[in-house]
Amino acid sequence: MIAHSQNKPKTFFVKILRQDGPGKPSYWQRFELDYESELNVISVLQRIAAKAKTSSGEKTTPVCWDCGCLEEVCGACTMVINGKVRQSCSALVDKLLEDSNEIELRPMTKFPIVRDLFVDRSRMFNSLKKIKGWVPADGYYDLGPGLRQSRANQEMAYPLSECMTCGCCVEACPQYSKIELLPHSGESDEQFEERKLDAYSHGFVGPAAISQVVLFNLHPTGKMMAGERLDALTEEGGIQVCGNAQNCVAVCPKKIPLTMSIGRVGRETTFNTLRKWFDRPANKH
Ligand code: SF4
Ligand code: SF4
Ligand code: FES
């Protein structure tokens, strides 16, 4: 039984779903920590790593996780906390302990596990490459000032630009299935990487990448590649895979209007396909 003073527990428990490496079996471990006010989940994980002992006193390896900015900007620390996918740097322990004296941490389920709570989100970055998620402005000479962007465009683009490729939307999406490959014996790192990227290129790109197509196609210079981005979304794993369940928009921590982006890209890919069909040489006569 946990003793409480002024409604705060003296100690609390953290249950973590662990995995020692890619393809290894997962297992639960429970840790007990002294209560301190104003902790976030990252500081809890730091204390667990320093202690490396379970609640039953058994010595264990430090739990592994990923983080970067510590202010909900990089997306690296995303995990499933008490059943909800979110960033661990902005998950406050006082809030999580309101209903129970135990916090449950699991890795996201749609990405391969690197170790414990650390997942490999490279499929999302690969999707950004597939849709050419950049403005083509590099060069060896002075390109001069960029084209001006209208106020209306800026207002639409800004919320879309807040995407941090965190993975919450794809974790919630029923159409985004996990793709996990393991190295074959004798396969080099380069061969494994190539096989992995090929498998990713057949999977659903997901709502974040679809929304980035809207962002870059709105940009006065970025729109030079609008057709190529829309073509990428009509290939295998493109927008046709979306079943419009709208789970993605409900979990996005940046409140990005993903379903608006999906609707807009759906119409634009249709026009793009029709335009290409009517532009075919056989139809020019
Ligand atoms: S769209 Fe939202 S939930 Fe999806 S990756 Fe971007 S920030 Fe995360
Ligand atoms: S609307 Fe599309 S992308 Fe969003 S959760 Fe549903 S199927 Fe996935
Ligand atoms: S550490 Fe960057 S979002 Fe949490």
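Of the 285 residues that make up the protein chain, 31% count as buried. The model is a predicted one, and its C-alpha trace spans about 85 × 50 × 45 Å along the principal axes. Ten helices and nine strands make up the secondary structure of the chain. When contacts between residues at least 6 apart in sequence are considered, 69% of them join residues at least 24 apart.

The chain is divided into domain 1, covering residues 4-115, and domain 2, covering residues 121-283. Their C-alpha centres lie 31 Å apart. Where the two domains meet, 15 residues of domain 1 are in contact with 16 residues of domain 2. On the domain 1 side, strand β6 (residues 84-87) gives the most, with three residues. By class, this side of domain 1 divides into seven nonpolar, five polar and three charged residues.

Two packed helices are described by the angle between their axes and the distance between the axes. For helix α4 (residues 151-161) and helix α7 (residues 207-218), the axes come within 9 Å and cross at roughly 145 degrees. This crossing of α4 and α7 is left-handed. Helix α4 makes the contact through N153, M156, A157, L160 and S161, while α7 brings S211, V214, L215 and L218. Six nonpolar and three polar residues form the contact of α4 with α7, and no charged residues take part.

Ligand 2 has 14 residues around it, of which C173, P207, C242, A245 and C248 come nearest. Two or more residues of this shell are given by each of α9 (247-251) and α10 (258-278). The largest share, three residues, comes from α10. By class, the shell around ligand 2 has eight nonpolar, six polar and no charged residues.

A few loop residues also deserve a look. Most residues other than glycine have a negative phi, and most peptide bonds are trans. E72 has a positive phi, near 55 degrees, in a residue other than glycine. Its place is the loop between α1 (41-51) and β5 (78-81). K255, which is not a glycine either, has a positive phi of about 50 degrees. K255 is found in the loop between α9 and α10, and its 10 C-beta neighbours inside 10 Å mean that K255 counts as exposed.

In domain 1, D20 lies in the loop between β3 (11-19) and β4 (26-34). D20 has 14 C-beta neighbours inside 10 Å and therefore counts as partly exposed. D20 and V114 are 94 residues apart in sequence, yet their C-alpha atoms are 8.3 Å apart in space.

Technical notes: Residues numbered from 1 in each chain as written. Chains lettered and ligands numbered in written order. Predicted model: local features only at pLDDT ≥ 70, side-chain atom pairs only at ≥ 80, totals over all residues. Helix = DSSP H or I, 4+ residues; strand = E, 2+ residues; numbered from the N terminus. Buried ≥ 20, exposed ≤ 12 C-beta atoms within 10 Å, placed from the backbone. Contact = placed C-beta atoms within 7 Å. Axes fitted to C-alpha atoms, helices over the stretch in contact; angles between N-to-C directions. Left-handed = near helix turned anticlockwise from the far one by under 90°. Nonpolar A, V, L, I, M, F, W, Y, C, P; charged D, E, K, R; others polar. Near = placed C-beta within 6 Å. Domains from an automatic or database assignment.
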